[in-house]
Amino acid sequence: SWAIAKTDWPQVAFTVAETADALTLDTGELQVVIRRSPLLVSFRDAATGRACNADQRPIAREPQSGRIGAS
């Protein structure tokens, strides 16, 4: 597939904002929000703020075992 074979991708400009509770990476089209505690990573449409994933816990770390899971 051309999508898998492509290796020369243009660099994407992004900004990072940090608060005590989270880090937010914003490309203008996509926001990645990383909550610190509990660890939770979510993906949002940058224009609307709507989640790109329907799960409440798309990527999270289980504190007891240290395992990281993705839904």
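**Entry 1. Overall pattern**

I read along the sequence and found that the protein follows the pattern α-β-β-β-β-β-β. I counted 1 helix and 6 strands, where helices (H or I, at least four residues) and strands (E, at least two) are DSSP runs numbered from the N terminus. I note that this is a predicted model, in which local features need pLDDT of at least 70 and side-chain atom pairs count only at pLDDT 80 or more, while totals for chains, interfaces and linings use all residues. Residues are numbered from 1 along each chain as its sequence is written, and side-chain values use heavy atoms, with hydrogens and water left out.

**Entry 2. Confidence**

I looked up pLDDT, the predictor's confidence in each residue, from 0 to 100. The mean for the protein is 83, and 85% of its residues reach 70 or more. Confidence is lowest in helix H1 (residues 2-5), at a mean of 68, and highest in E1, at 97.

**Entry 3. Strand pairing**

I examined the pairing of strands, which requires that DSSP finds at least two bridges between them. E1 and strand E2 (residues 22-26) run antiparallel and are joined by 4 bridges. A hairpin with 3 residues connects E1 to E2. Thr15 has Asp26 in E2 as its bridge partner, and Asp26 in turn has Gln31 in E3 as a bridge partner. E2 and E3 also run antiparallel, with 5 bridges. Their hairpin has 3 residues between the strands, and there I found Gly28 with a positive phi near 95°.

**Entry 4. The salt bridge**

How many salt bridges does a search of the whole structure find? I found 1, taking a salt bridge as a side-chain nitrogen of Lys or Arg within 4 Å of a carboxyl oxygen of Asp or Glu. The side chains of Arg36 and Glu18 form it, at 2.7 Å from N to O. Arg36 lies in the loop between strand E3 (30-35) and strand E4 (40-45), and Glu18 lies in strand E1 (residues 15-18), so the pair ties together parts that are 18 residues apart in sequence.

**Entry 5. Burial**

I used these classes: buried is under 20% relative accessible area, exposed is over 50%, and partly exposed is in between (1.4 Å probe, protein chains only). Arg36 is partly exposed at 38%, and Glu18 is exposed at 60%. Ser42, in strand E4, counts as buried at 17%. Buried residues make up 15% of the 71 residues in the protein.
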